Amino acid sequence: MKRTIAISALLAASLLSAGEMRYASGTYELEGGFLGLGSKKDTDISAYSLVQQHKNLFSSRWYYSYNVTWYDSDRLLQAQQTLDTGTTQLLPGNPLGSTASTVAIPVMRYRYQGLDAQGVIGYDLLHTSERDFLGAGLLLGISAPWIDSEKDSDNTTNDTDVIADAFQKSKTKILTYRIGPSFTFRKSLGEYFSLYGSATIAYQTGTIENDYAGTDTSVNGRYDELDMCIRFQPLSYDRSFGWFTLSPRLYATLGYRYTHWEYKDVAIDTSGAGITFAKSDMKMSASTAYFGVGYAF
């Protein structure tokens, strides 16, 4: 909570001089890591962001940028399936006390929510104007989402569904930090329009915790991002007041952003029954189209 308040305060101070507010909508995908989630599943997602694409420090080629995004997905449905655990074990709730190497995973629902924030300090390798540049920098970021999981009301009952009662509503919390190179450019397209793009490949490390299973796992992985947009800037002029100059800018953006989080060798047991199953790479991604409005002085 304290970290969120601090980030919000810094953003509020930054937005006094410049910033962009965005709304995005698209598709969220989740694959692996969770018990029984062996195939890629997707659902709709919304995102709300505070963004600074590129801001030069004073009159130098050094720049900074940031992006703070809140994600909120719809419910993602995982169909009932049978999982081969690879071992023979006692199944809780089985009145016969028999052993088996497979368990039935009930129909599960997942919902992704949380905060993702990052900042970049970089240098313009090429710079002819504020609308024509090519920059490279170092990105530092943090992801702090959580995934709610629960049994769906449409679960069926069959002879193998002996493990279903073990699953309860739970929350999986993810906290990772990332660092890596980031590249950005802008190219003017006439008087009012410009094309903007950025790309990032970063290393990330952190923890994944599930409250019901009582697990706390250290993870490593990678983070990838691609952001492309058309920027429309109808208001742009400079006015000197002697010892300082005001340069008001009003603009709108229309674009696409793809973000991908990957964590190596994850096995999140949401059953609460201590089931052993093979680890796999946990992959999450959000593909969104966005509209934003921003200003700068």
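## Cavities in the model

A search of the whole structure finds two cavities of 30 Å³ or more. A cavity here is a set of points, on a 1 Å grid over the protein atoms alone, where a 1.4 Å probe fits but cannot get out. Grid points are joined across faces, edges and corners, and a volume is the space filled by probe spheres set on the points.

The model is predicted: local features need pLDDT of at least 70, side-chain atom pairs count only at pLDDT 80 or more, and totals for chains, interfaces and linings use all residues. Residues are numbered from 1 along each chain as its sequence is written, and side-chain values use heavy atoms, with hydrogens and water left out.

## The largest cavity

The largest cavity holds about 170 Å³ of space. Its lining (residues with an atom within 4 Å of a point) comprises 19 residues, and Ser-65, Gln-118, Tyr-196, Ser-198 and Glu-225 lie nearest the centre. Two or more lining residues come from each of β2 (41-56), β3 (62-73), β7 (108-129), β9 (170-189), β10 (193-210) and β11 (215-236). These strands are DSSP runs (E, at least two residues), numbered from the N terminus. The largest share, four residues, belongs to β3.

By class, this lining has seven nonpolar, nine polar and three charged residues. Ala, Val, Leu, Ile, Met, Phe, Trp, Tyr, Cys and Pro count as nonpolar, Asp, Glu, Lys and Arg as charged, and the others, Gly among them, as polar.

## The second largest cavity

The second largest cavity has a volume of about 60 Å³. Among its lining residues are Arg-22, Asn-67, Arg-257 and Tyr-290. At least two lining residues each come from β1 (18-31), β2, β3 and β15 (280-296), and β3 gives the largest share, three residues. Four nonpolar, four polar and two charged residues make up this lining.

How values were computed. 1 Å grid on protein atoms, 1.4 Å probe; cavity = no way out; pocket = protein on both sides within 12 Å on 5 of 7 lines; lining within 4 Å.
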